[in-house]
Amino acid sequence: MEKEKPQWSSHISFIIATIGSAVGVGNIWRFPYIMGENGGALFLITYLALIVLFSVVPLCCELVIGKTYRTDAVSAFEQINKKFKWFGWLCVLTVILIPCFYFVVGGWILNYIWIFLTNNIPNNFTNYFSGFSSQVFVPCILSLIFLLMTAVFPYRGVNKGIEKANNIMMPIFAVMLIVMAIYALTLPGTKEGLAFMFKPDFSEFDTSMILTALGQALFTLSIGMGAMITYGSYMKENTNIVKSAYTLIFFDTLVAITAGIMIFPIVFTFGVKPTAGATLVFISLPEMLAKLPFAPVFGSIFFILFFFSAITSGISILETSVSSFMNQFKITRQKATIINAIIIAIFSIPAALAFGPLKDFKILDRTIFAFLDYATSNILLPFNTILICLIAGWCIKSLWKTNFGETFFGYMFNIMLKFIVPLVLIFVLLAGI
């Protein structure tokens, strides 16, 4: 265990770290393609409304729990009531399962950085990705390398590792993203790309789009896995939770929109359908990047910024389980990091092989990779968020009065926390199942 509870060195460092946690694969990979599949501008409007009015409640809730109890997710729920300790472990299980497929994607990113940096760009990315992802050794090795690169920072600690990593990577990430977005706006498809993003077609409105937008809002803010409880436990006493939550939401959404501004002009320039789906970043987009002037340069920049977004989120996910292992088993940070890395390594290998030797092995008619993605995103995250809201709303006495006062926001927060958010999430969970 750590002798003293660490704290973020400044409020800015805390904000950068939480932005690093939230800004990940969900912003650069998932947001553009689900926006493309769900009508563009109309999805964006729905998403913005939900993330500002709805997602702020469980986000504030997690930060409050972390700041109040100043400990890991398992210990925090145990302090609320010993009967809830099992739920803390469910959060830990979630953050162990997510890296098992998330870090496989991280390995793919490393591979794409390499092929663009070395100008060893394939002629057909459809065939290339299929051949690469179906290999036995290379995807496994790359996912383990990404795991080791991520684990270094929790191993070094909150200030020397996690905080320093975010303070360096996130500004570089922001500069690269802006450079790519500005370059994309010079392409012929800019007008069509921006119209797709910002000119809504209300005839495409349907309920499934609302559920998708809500799921993305939860996924992108790292809600339901205990990460914000862990990061909240390192907050200083005078930190304003509501202001911090909305700052995080603002920058996370800004990154997602900027990613769309970067991607959709390229998509429309080369006549690719924006509904290309999950293959957009690893097949369609690299195919288009390869056709641009200075392809190795811009391809490398894109996948390096993709790497930064993936690794900063990976750090927060890993820190959540590391923090719980430290406190529950009374071991050092270094031992807890190594144990978690070994567990994730063991289970990430089958996920990496799900596109090759284990592609015919199915769980509920899904490959191992797809099952882990589905089980965490569609079931565990909304389920965990429901329980977090119910436990905080009904079992922590005067949570809203203590933290938000008898204000309009405080009253609305209490109603949303106890009734509206859990009911809506139950609907989302049932729809996901």
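The lining of the second largest pocket consists of 12 nonpolar and two polar residues, with no charged ones. Here Ala, Val, Leu, Ile, Met, Phe, Trp, Tyr, Cys and Pro count as nonpolar, Asp, Glu, Lys and Arg as charged, and the others, Gly among them, as polar. The structure is a predicted model, in which local features need pLDDT of at least 70 and side-chain atom pairs count only at pLDDT 80 or more, while totals for chains, interfaces and linings use all residues. Residues are numbered from 1 along each chain as its sequence is written, and side-chain values use heavy atoms, leaving out hydrogens and water.

Of the 14 residues lining this second largest pocket, Ile19, Ala174, Phe251, Leu254 and Val255 lie nearest its centre. The space in the pocket is about 300 Å³. Helix 1 (11-22), helix 9 (158-184) and helix 13 (241-269) each supply at least two lining residues. Helices (H or I, at least four residues) are DSSP runs numbered from the N terminus.

A pocket is found on a 1 Å grid over the protein atoms alone, as an open set of points with protein on both sides within 12 Å along at least five of seven lines; a cavity is a set where a 1.4 Å probe fits but cannot get out, and lining residues have an atom within 4 Å of a point. Grid points are joined across faces, edges and corners, and a volume is the space filled by probe spheres set on the points.

How many cavities of 30 Å³ or more are there? The count is one. The largest cavity has a volume of about 140 Å³. Among its 15 lining residues, Tyr102, Phe219, Ser222, Ser313 and Ile317 lie nearest the centre. Its lining has seven nonpolar, eight polar and no charged residues.

The table turns to helix pairs. Axes are lines fitted to C-alpha atoms over the stretch in contact, and angles run from 0 to 180 degrees between N-to-C directions.

| Helix pair | Angle | Axis distance |
|---|---|---|
| Helix 9 and helix 13 | about 35° | 8 Å |
| Helix 1 and helix 13 | roughly 50° | within 9 Å |
| Helix 5 (residues 73-80) and helix 6 (residues 85-117) | about 160° | 7 Å |

Helix 5 is therefore roughly antiparallel to helix 6, where angles under 35 degrees count as roughly parallel, over 145 as roughly antiparallel, 65 to 115 as roughly perpendicular and the rest as oblique. Helix 5 passes helix 6 in a right-handed crossing; a crossing is left-handed if the near helix is turned anticlockwise from the far one by less than a right angle, and right-handed if clockwise. In this contact (heavy atoms within 4.5 Å), helix 5 uses Ala73, Val74, Phe77 and Glu78, and helix 6 uses Lys85, Phe87, Gly88, Trp89 and Val92. These residues comprise six nonpolar, one polar and two charged.

Helix 9 crosses helix 13 in a left-handed way. The residues in contact include Phe173 and Leu177 of helix 9 and Val255 and Thr258 of helix 13. By class, this contact has 11 nonpolar, one polar and no charged residues.

The crossing of helix 1 and helix 13 is right-handed. Among the contact residues are Phe14 and Ile19 of helix 1 and Leu248 and Phe251 of helix 13. This contact has six nonpolar, four polar and one charged residue.
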